[in-house]
Amino acid sequence: MPAAEGKPQAVLFCCDHNAVRSPMAEGLMKKRHGHSIYVQSAGVMNDLEIDGFAIAVCAEIGVELSRHRTRSFDEMRDLGDDLEQFDLIVALTAASRRVARELARHAHVEVEYWPVMDPTGVGETREQKLRSYRQTREQIAERLERRFG
């Protein structure tokens, strides 16, 4: 069964920096599916550390992100992670979709695009920022529910 029609065995979430959206998706997916689906995340770049607001809003629902270490597609390859081990790549940004499609072209991996709001520039106060990050978290959670049950 193609990945688009059922539950894949291995999923890679990707975004621009692997610091907010893709770690959230990875953490939420692991919480929902445990070890029944292999889940990782990566970014086009890894020039940032995991975002503190992402850690905070995920901790609110019991998802641990504080030990997450960002990594890029290049680092995955350097560490021996082959894209062909994944059944599905879920790109959460336009830039990561372009890179994922290019890389998956040689690996024959299904790529889905879920445009998810970038919360990093939204809000001025701490509470406004947290609200923005919660909105992104919930957007990802809803997509996970629709796609994977």
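**View A. A charge over a ring: Arg-97 and Tyr-113.** In this predicted model, Arg-97 sits over the face of Tyr-113, 3.9 Å from the ring centre. A charge counts as over a ring if NZ of Lys or CZ of Arg is within 6 Å of the ring centre and within 35 degrees of the ring normal.

**View B. A stacked pair: Tyr-38 and Phe-86.** Rings of Phe, Tyr and Trp (its six-membered ring) pair if their centres lie within 6.5 Å; planes under 30 degrees apart are stacked, over 60 edge-to-face and the rest tilted. By this rule there are four aromatic pairs. Tyr-38 and Phe-86 make a stacked one, with 5.8 Å from centre to centre and 25° between the planes. Tyr-38 belongs to strand 2 (residues 38–43) and Phe-86 to the loop between helix 3 (73–78) and strand 3 (88–91), so the pair ties together parts 48 residues apart in sequence. Helices (H or I, at least four residues) and strands (E, at least two) are DSSP runs, numbered from the N terminus. Tyr-38 is partly exposed at 37% relative accessibility, while Phe-86 is buried at 3%. Buried means under 20% relative accessible area, exposed over 50%, and partly exposed in between (1.4 Å probe, protein chains only).

**View C. A tilted pair: Phe-53 and Tyr-133.** Here the ring centres of Phe-53 and Tyr-133 are 5.3 Å apart and the planes lie at 35°, so this pair is tilted. Phe-53 is in helix 2 (residues 52–59) and Tyr-133 in helix 5 (residues 126–148), so parts 80 residues apart in sequence are tied together. Tyr-133 is buried, at 2% relative accessibility.

**View D. A ring cluster.** Phe-13, Trp-114 and Phe-148 are linked into a cluster by ring pairs.

**Notes.** Residues are numbered from 1 along each chain as its sequence is written. Local features need pLDDT of at least 70, side-chain atom pairs count only at pLDDT 80 or more, totals for chains, interfaces and linings use all residues, and side-chain values use heavy atoms, with hydrogens and water left out.
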